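Me: I'd like a close look at one part of this model, please, starting with a helix and the space around it. Keep it simple, as I'm new to this.

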Amino acid sequence: MSQTPIPCAAMRGGTSKGLVFLADNLPGDRATRDAVLLAAMGSPDPREIDGMGGSHPLTSKVAVVSLSSRDNADVEYLFLQVWPDRPEVSDSQNCGNMLAAVGPFAIEQGLVLAGDPVTPVRIWMRNTETLATAFVQTPGGSVRYDGTARIDGVPGSHAPIPIEFEDVAGSSCGALLPTGNVADVIEAVHVTCIDNGMPVVCLAASAFGLSGQESPADLEGNGELTKRIEAIRLAAGPLMNLGDVTGKTVPKMSLLSPPAHGGTVSTRTFIPHRVHEAIGVLGAVSVATACVLPGSVAHEVAVLPEQTEGSLDIEVEHPTGFFTVTIDVKLEPGGPAVARSALLRTARLLMRGEVMVPSSVWSPA
């Protein structure tokens, strides 16, 4: 047989899309696994024409799911970014959008017993070694995908999947503010380096002579801007305890400006070289957290509610709409502290079956 069939599902999670596998159905060694995923996605090729990838980082993603032996988790989730334009599979970051697909997949695969009408799925995120709980609608014990919840960046409406995060502060960098400061100057630009689930460098769009309302295409096409952003990113990496980030997908670089559509703050986010058509889930959580920290770049441009403590809804504007992050803020002697973060996503099962890869890549006994 010239091709190897591998069971998987194609799923949309939030504003991302990719393949979801059971860990047991993939090779155990990393090199072979990565070769299989590159072949499955059709990478490296900007169009990914010979695979299932969607020719963009947001649609060339993989989630690997397995049962968890941890007392506080039901399943484990490893996120892998397959790059369309180079033969690389990265586990250096998490993905909160594909996370939304993990709960439904785990229930569909029988890893978690469905309840009625809602099934909480406790998910250990292996990339950052942190916990999230997704609340999946399961009326009658079956996953429901249709519903009335809408998220910007996805057409139509679907069943809501609320997701709560626990202890994600400093999950990649070791601290919420990895430099030890609420603001720094890097390459002559004021920045805030923050990690509340995703390492992000917050920058004021005005520092680059921008309004912050530019389109992703306009920003990507601005060669001088992209060079300056990348220089700051490379300098920020070691300061954020991430080391040399030349070949890494973190930190994300988020240009911030005052809200234009009634939200809290407006964003344009480099991920890190393409500009996100929306904003990543955990990236939004980090930006929302920065908004409530006095002295941060985000706090300087944000329009915040009068309430400063308790449960706050932070409306993060992005190129295709809004992203609402709910955070619980406690006022402590050292300043505000975020105790919990939560958000709403949706997901949909698009296809399930087998993806084919050449047997020359992997031919299990």
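Reply: Start with α5, where Val281, Leu282, Gly283, Ala284, Val285, Ser286, Val287, Ala288, Thr289, Ala290 and Cys291 are buried. Here, buried means under 20% relative accessible area, exposed means over 50%, and partly exposed is in between, using a 1.4 Å probe and protein chains only. That makes 11 of the 11 residues of α5 buried, so the helix is largely enclosed by the rest of the structure. Helices (H or I, at least four residues) and strands (E, at least two) are DSSP runs, numbered from the N terminus.

A quick word on what you're looking at. This is a predicted model, with residues numbered from 1 along each chain as its sequence is written. Local features need pLDDT of at least 70 and side-chain atom pairs count only at pLDDT 80 or more, while totals for chains, interfaces and linings use all residues; side-chain values use heavy atoms, with hydrogens and water left out.

Now for the empty space. Rolling a probe the size of a water molecule over the atoms shows where empty space is left. On a 1 Å grid over the protein atoms alone, a cavity is a set of points where a 1.4 Å probe fits but cannot get out, and its lining residues have an atom within 4 Å of a point. Grid points are joined across faces, edges and corners, and a volume is the space filled by probe spheres set on the points. This rule gives 2 cavities of 30 Å³ or more.

The largest cavity holds about 200 Å³ of space. It has 22 lining residues, with Lys61, Gln93, Lys252, His276 and Gly280 nearest its centre. (Ala, Val, Leu, Ile, Met, Phe, Trp, Tyr, Cys and Pro count as nonpolar, Asp, Glu, Lys and Arg as charged, and the others, Gly among them, as polar.)

Helix α2 turns up again at the second largest cavity, where β1 (3–13), α2 and β17 (347–358) each supply at least two lining residues. This one has about 30 Å³ of space. Its lining is made of Ala9, Met11, Phe105, Glu108, Gln109, Leu349 and Arg352, which divide into 4 nonpolar, 1 polar and 2 charged.

Two single residues are worth a stop as well. Ser257 sits in strand β12 (residues 252–257) and is buried, at 2% relative accessible area. Not counting residues up to four places away in sequence, Ser257 touches Ala205, Ser211, Gly212, Gln213, Val265, Ser266 and Val301, where contact means heavy atoms within 4.5 Å. His56 lies in the loop between α1 (30–41) and β3 (61–67), and at 16% relative accessibility His56 also counts as buried. Leaving aside neighbours within four places in sequence, His56 is in contact with Glu48, Pro84 and Arg274. The C-alpha atoms of His56 and Trp83 are 7.9 Å apart, although 27 residues separate them along the chain.

Zooming out, the protein has 6 helices and 17 strands, and 53% of its 365 residues count as buried.

Terms used. 1 Å grid on protein atoms, 1.4 Å probe; cavity = no way out; pocket = protein on both sides within 12 Å on 5 of 7 lines; lining within 4 Å.
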